[in-house]
Amino acid sequence: MRVTCKLPRTKKSWFSFGLILFVIALGNWPFIPLFNKPSIILGMPIMMVWSILIIFFTTGTLWFVSKIKGFSP
């Protein structure tokens, strides 16, 4: 089976693609040591607060991309 991939064509599509890649990068290894500290914020470890914020940031990013129709043809 042949796999095909379509790259973004417009500036809006490239911006949306970059924004989603940025959100994915925020949830990966380079940022985890920054938040893996034994400190407490609002009664929760910093890592838990960061994880919750990533969920909201991901949801907001996908909402924003759909609002600007970033991946529409």
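Reader: Is Ser16 buried or exposed?

Author: First the scale. Buried means under 20% relative accessible area, exposed means over 50%, and partly exposed is in between (1.4 Å probe, protein chains only). Ser16 has a relative accessible area of 0%, so Ser16 is buried. This is a predicted model, in which local features need pLDDT of at least 70 and side-chain atom pairs count only at pLDDT 80 or more, while totals for chains, interfaces and linings use all residues. Residues are numbered from 1 along each chain as its sequence is written, and side-chain values use heavy atoms, with hydrogens and water left out.

Reader: Where does Ser16 lie, and which residues does Ser16 touch?

Author: Two terms first. Helices (H or I, at least four residues) and strands (E, at least two) are DSSP runs, numbered from the N terminus. Contact means heavy atoms within 4.5 Å. Ser16 lies in helix 1. Leaving out residues up to four places away in sequence, Ser16 touches Val65, Ile68, Gly70 and Phe71.

Reader: What about Ser13, buried or exposed?

Author: Ser13 is found in helix 1. Its relative accessible area is 6%, so Ser13 is buried. Apart from neighbours within four places in sequence, Ser13 is in contact with Pro8, Gly70 and Phe71.

Reader: How many helices and strands are there in the protein?

Author: The protein has three helices and two strands. Along the sequence, the pattern is α-α-β-β-α.

Reader: How do I read the packing of helix 1 and helix 3?

Author: Two packed helices are described by the angle between their axes and the distance between the axes. Axes are lines fitted to C-alpha atoms, for helices over the stretch in contact, and angles run from 0 to 180 degrees between N-to-C directions. Helix 1 and helix 3 pack at about 170 degrees, with axes 10 Å apart. Angles under 35 degrees count as roughly parallel, over 145 as roughly antiparallel, 65 to 115 as roughly perpendicular and the rest as oblique. Helix 1 and helix 3 are therefore roughly antiparallel to each other.

Reader: Which residues of helix 1 and helix 3 make the contact?

Author: From helix 1 come Phe15, Ser16, Leu19, Ile20, Phe22, Val23 and Leu26. From helix 3 come Trp50, Ile54, Phe57, Thr58, Thr61, Leu62, Phe64 and Val65. Now sort them by class. Ala, Val, Leu, Ile, Met, Phe, Trp, Tyr, Cys and Pro count as nonpolar, Asp, Glu, Lys and Arg as charged, and the others, Gly among them, as polar. The contact of helix 1 with helix 3 has 12 nonpolar, three polar and no charged residues.

Reader: How many aromatic pairs does the structure hold?

Author: Rings of Phe, Tyr and Trp (its six-membered ring) pair if their centres lie within 6.5 Å; planes under 30 degrees apart count as stacked, over 60 as edge-to-face and the rest as tilted. The structure holds four such pairs. One of them is Trp14 with Phe17: the ring centres are 5.9 Å apart and the planes are at 80 degrees, so the pair is edge-to-face. Trp14 and Phe17 both lie in helix 1 (residues 11–26), three residues apart, about one turn of the helix. Trp14, at 43% relative accessibility, counts as partly exposed. Phe17, at 34%, counts as partly exposed.

Another pair is Phe22 with Phe57: centres 6.4 Å apart, planes at 80 degrees, so edge-to-face. This pair links distant parts of the chain, with Phe22 in helix 1 and Phe57 in helix 3 (residues 46–67), 35 residues apart. Phe22 is partly exposed at 43%, and Phe57 is partly exposed at 36%.

Reader: What is the phi of Leu42?

Author: Most residues other than glycine have a negative phi. Leu42 is not a glycine, yet has a positive phi of about 55 degrees. Leu42 sits in the loop between strand 1 (40–41) and strand 2 (44–45). Its relative accessibility is 79%, so Leu42 counts as exposed.

Reader: What radius of gyration does the protein have?

Author: The radius of gyration is taken over C-alpha atoms; the globule rule is 2.2 Å times the number of residues to the power 0.38. A compact globule of 73 residues would have a value near 11 Å, but the protein has 16 Å. The C-alpha trace spans about 45 × 30 × 20 Å along its principal axes. Of the 73 residues, 18% count as buried.
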